[in-house]
Amino acid sequence: MGNKGEKTKETIRRQAYRLFAEKGFQAVTMTDICEKTGLSRGGLYRYYSGTGQIFAEILSEEYVIADRIERKEQAGAILEDMLKAIKSEIMDKELSLSLAIYEYANLGNEDFFTNLNDKARKRWISLLEYGIETGEFQAVDTEQISDMILYYYQGLRMWSRVIPFEEQVAENYVRTVKQLLFGEEKL
């Protein structure tokens, strides 16, 4: 697929993301996505066979850290970028996919979510191990802390969809993660 095709797919995913965040998974149709992107049905089906494929691809997009670790970027800088993105997701309920994720999971996609969770967990573990190795992070149980980081975040993201959070709630999450990894003296 050429550069133009990749840009079109990116546009489809970006616009579909907004629809899924607004309506949930089950209420979004290919027609909705055509209207949002300006593509014809044929144009849209050239890239995706249905809303499930688009949604799965959106969820599979990862915050890539492996290349940043390979380039020997500071673990603290990578962490800061990840926490900034997480805080933004917690605070902007209009961009929350929590409802759509719940609906999609209930359609029998448990294996998909297990795989997605495993990748996220491995990504966090690799960052934690890298930060410990470089001396930027305190020595911690990387599996335990990655679970805490993931599930604390997932809970906040889900609840932010149904109750308004003050920014302090997201800030508490960020501060907790930093305290665990940097210790009190670096905050």
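This is a tour of one predicted model, stop by stop, with what to select at each.

Residues are numbered from 1 along each chain as its sequence is written. Local features need pLDDT of at least 70 and side-chain atom pairs count only at pLDDT 80 or more, while totals for chains, interfaces and linings use all residues, and side-chain values use heavy atoms, with hydrogens and water left out.

**Stop 1: the largest nonpolar core**

Select L79, I90, W124, L127, F137 and Y173. Of the 27 residues in the largest nonpolar core, these touch the most other members. Such a core is a set of buried Ala, Val, Leu, Ile, Met, Phe, Trp, Tyr and Cys residues joined through side-chain atoms within 4.5 Å. Buried means under 20% relative accessible area, exposed over 50%, and partly exposed in between, with a 1.4 Å probe and protein chains only. Helix 6, helix 8, helix 9 and helix 10 each supply at least two residues of this core, and its largest share, seven residues, comes from helix 6. Helices here are DSSP runs (H or I, at least four residues), numbered from the N terminus.

Now centre on L127. Beyond its neighbours within four places in sequence, L127 is in contact (heavy atoms within 4.5 Å) with I65, I69, A75, I78, L79, M82 and F137. Another core, of 23 residues, lies apart from the largest one; among its members are L19, A21, V28 and F55.

**Stop 2: helix 9 against helix 10**

Select residues 142–160 and 167–182. Helix 9 and helix 10 pack at an angle of about 180 degrees, their axes 11 Å apart; the axes are lines fitted to C-alpha atoms over the stretch in contact, and angles run from 0 to 180 degrees between N-to-C directions. The two helices are therefore roughly antiparallel (over 145 degrees). I145, M148, I149, Y152, Y153 and L156 of helix 9 make the contact with V169, N172, Y173, T176, V177, L180 and L181 of helix 10. By class, this contact has eleven nonpolar, two polar and no charged residues. Ala, Val, Leu, Ile, Met, Phe, Trp, Tyr, Cys and Pro count as nonpolar, Asp, Glu, Lys and Arg as charged, and the others, Gly among them, as polar.

**Stop 3: salt bridges**

The model has 14 salt bridges, each a side-chain nitrogen of Lys or Arg within 4 Å of a carboxyl oxygen of Asp or Glu. Select K87 and E167, which form one of them at 3.0 Å, N to O. K87 lies in helix 6 (residues 75–91) and E167 in helix 10, so the pair ties together parts that are 80 residues apart in sequence. K87 is buried at 19% relative accessibility, whereas E167 is partly exposed at 48%.

Next, select R157 and E89, whose side chains meet at 3.2 Å, N to O. This pair links helix 9 and helix 6 across 68 residues. R157 is buried, with a relative accessible area of 14%, and E89 is partly exposed, at 27%.

Then take D67, R68, R71, E73 and D81, which are linked in a network of salt bridges. Within it, the closest N and O atoms of R71 and D67 are 3.4 Å apart. R71 is exposed at 52%; D67 is partly exposed at 34%.

**Stop 4: K72**

Select K72, in the loop between helix 5 (66–70) and helix 6. K72 is not a glycine, yet has a positive phi of about 65 degrees. Most residues other than glycine have a negative phi. K72 is exposed, with a relative accessible area of 64%.

**Stop 5: helix 7**

Finish at residues 98–105, where S98, A100, I101, E103 and Y104 are buried. Their cover includes helix 1 (3–23), helix 4 (51–60), helix 8 (110–134) and helix 9.

Technical notes. Parallel < 35°, antiparallel > 145°, perpendicular 65-115°, else oblique.
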